[in-house]
Amino acid sequence: MNDLFIDVDYAQIYKSGQKIGGDVFLLSRNPEREQIVCTLSDGLGSGVKANVLASLTAHMAHKLSFSEMDLTHSAKIIMNTLPVCKERKISYATFTIVDIRHPSLDDIQVNLVEYDNPQALLFRDSKPIVWQREKILLHREGAFKKEELSRSSLQMAVGDRLIVFSDGATQAGMGKALPLGWRLEGVREFAQHQIERNPSISSHDLSRAIARKANGLDRLASKDDITVMVVYVRRPRRTLVVTGPPFTKEKDEILGEKLRNFEGKKIISGGTTALIVSRLFNKKLKVDLSCWSADVPPVSIMEGFDLVTEGMLTLSKVATALEQKKSLRTLPNDAVRKFVALMMDSDQVHFIVGTKINEAHQDPSIPVEIGIRRTIIGRLRKALEDNYLKETSQEYL
Amino acid sequence: MAKREKVAVKICVGTACFVQGGADLLLYDEFLDPIVLANCEIEGVSCLGKCKEAGSKEGAPFVQIGDVVHGDMTEKKFCDLVAEAVHA
Ligand code: FES
């Protein structure tokens, strides 16, 4: 598995009263080419029309970035395609494209193209970094002035963060708390403060903190869509999921070894598996009856392990929750939620699937069978990869 | 009266037991006589192993009361057996 993780997330708050955003954020990863592209586009105005234009722009930017074409050239194509507003003679949508290529741990290249969005911020740990942007002037038909596109090539390293946002953030509070709005400076200071307070703050949390603060400056009724995206380069957080007893008793020891050597969070999913592990590690296994759910059995507590759950029911519910991108807040406080929370907090998840057969003679209708276990793990992995861009791997024991 | 040892009760929360009624047994607070409840020590176990025994007469859910594992457990049977053990 990779020793590098590029944590990308974003937060968005729509203009007060709007149910659809004029800011559009897109993110794709292409693991084979070690490329990540994120695009933030802000359509003129807000609501449906703005959304359509921003979507169009973001999707174009996205497609073109994955092509072999030079990013500046792609940007020009987009700008020439974008309509120009008849009255205001300005473009219908602004955009920022972040194209990240990371062939290795110490070679993370970022190509950044910015058009009319607030300037992106770069932090090395908590220190803001300033860099030179290359300006490109474009003149489009129908536009009343030359338009400026800026392009930069950056190298990012472990600990760096790139923060991109729409003008809903920089203009927050304008005319209310702050006469000129929050401005770039305000966002920078706030972000820096957040990173200082919590040096390993995730992109998820940092983007939310900034968006929420901006919305707060607007007295919780933002005047424009607020979108904040954070790219954070760091070491991956790993989680190991062990499910199912190993094929033979002799393999139990191997499982113990693997658990002992694993660096990261550890989840045991399966009653019999938990008993085996408890025996191997000589640790007490205690079922926590304090939370009841009709759907899944309660979790157990075992020292040295982050989560111990029942197997099949829990795993299949976790898979469903991940497939449906259920937000944590909407899940009841049970084993599934705890499991999903740990998944959210991981970048890489490794599954060790035990292949012992002859489980559950009692009732053949109960899906405690290896084929089904495999299918569920397959669903889990797919959802983690497709919906949450996590890296996953698996082995049988 | 000498203080008696509490009766150890273990409710299986494994997959087979949980889906066949074990889930409801975990709500013992709601249906077990409080006096009986006060005289036993109830906990969950991840699997009593019975579900894997081929050809056993009894089915899930299983509950261990004292040293004996009982199958086909229902709320009623549970109340009766636990009360019996407590009063024994
Ligand atoms: S699940 Fe209850 S005995 Fe195995």
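**Note on the predicted two-chain model**

1. Asp252(A), Glu253(A), Leu255(A), Gly256(A), Leu259(A) and Arg260(A) of α6(A) are in contact with Ile276(A), Val277(A), Leu280(A) and Phe281(A) of α7(A). By class, the residues of this contact are six nonpolar, one polar and three charged. The model is a predicted one.

2. The two helices span residues 250–261 (α6) and 271–281 (α7) of chain A, and their axes come within 10 Å and cross at roughly 75°. Angles of 65 to 115 degrees count as roughly perpendicular, and α6(A) and α7(A) are therefore roughly perpendicular to each other.

3. Asn282(A) lies in the loop between α7 and β14 (286–287) of chain A. The phi angle of Asn282(A) is near 55°, which is a positive value in a residue other than glycine. With a relative accessible area of 69%, Asn282(A) is exposed.

4. A positive phi is also found at Asp116(A), a residue other than glycine, where the value is near 65°. Asp116(A) sits in the loop between β5 (107–115) and β6 (121–124) of chain A. The relative accessible area of Asp116(A) is 53%, and the cut-off for exposed is over 50%, so Asp116(A) is exposed.

5. Asn198(A) belongs to the loop between α4 (183–197) and α5 (203–217) of chain A. A relative accessible area of 33% makes Asn198(A) partly exposed. Ser126(A) is 72 residues from Asn198(A) along the chain, and the C-alpha atoms of the two are separated by 9.6 Å.

6. Chain B contains four helices and four strands. Their order along the sequence is β-α-α-α-β-β-β-α. Of the 88 residues in chain B, 45% are buried. Taking contacts in chain B between residues at least 6 apart in sequence, 64% join residues at least 24 apart.

7. The peptide bond between Ala60(B) and Pro61(B) is cis, with omega about 0°. Pro61(B) is located in the loop between β2 (40–45) and β3 (63–65) of chain B.

8. The largest nonpolar core has 51 residues, and the members touching the most others are Leu322(A), Val9(B), Ile11(B), Phe78(B) and Val82(B). The element that gives the most to this core is helix α8 (residues 312–323) of chain A, with seven residues.

9. The contact between the chains takes 24 residues from chain A and 27 residues from chain B. About 1,800 Å² is buried between the two chains, and carbon and sulfur atoms give 68% of that area. On the chain B side, Thr15(B), Phe18(B) and Lys52(B) supply 31% of the area that chain B buries against chain A, more than any other three residues.

How values were computed
Residues are numbered from 1 along each chain as its sequence is written. Chains are lettered from A and ligands numbered from 1 in the order in which they are written. This is a predicted model: local features need pLDDT of at least 70, side-chain atom pairs count only at pLDDT 80 or more; totals for chains, interfaces and linings use all residues. Side-chain values use heavy atoms; hydrogens and water are left out. A nonpolar core is a set of buried Ala, Val, Leu, Ile, Met, Phe, Trp, Tyr and Cys residues joined through side-chain atoms within 4.5 Å. Buried means under 20% relative accessible area, exposed over 50%, partly exposed in between (1.4 Å probe, protein chains only). Axes are lines fitted to C-alpha atoms, for helices over the stretch in contact, and angles run from 0 to 180 degrees between N-to-C directions. Angles under 35 degrees count as roughly parallel, over 145 as roughly antiparallel, 65 to 115 as roughly perpendicular and the rest as oblique. Contact means heavy atoms within 4.5 Å. Ala, Val, Leu, Ile, Met, Phe, Trp, Tyr, Cys and Pro count as nonpolar, Asp, Glu, Lys and Arg as charged, and the others, Gly among them, as polar. Buried area is the accessible area (1.4 Å probe) that two parts lose on being put together, summed over both.
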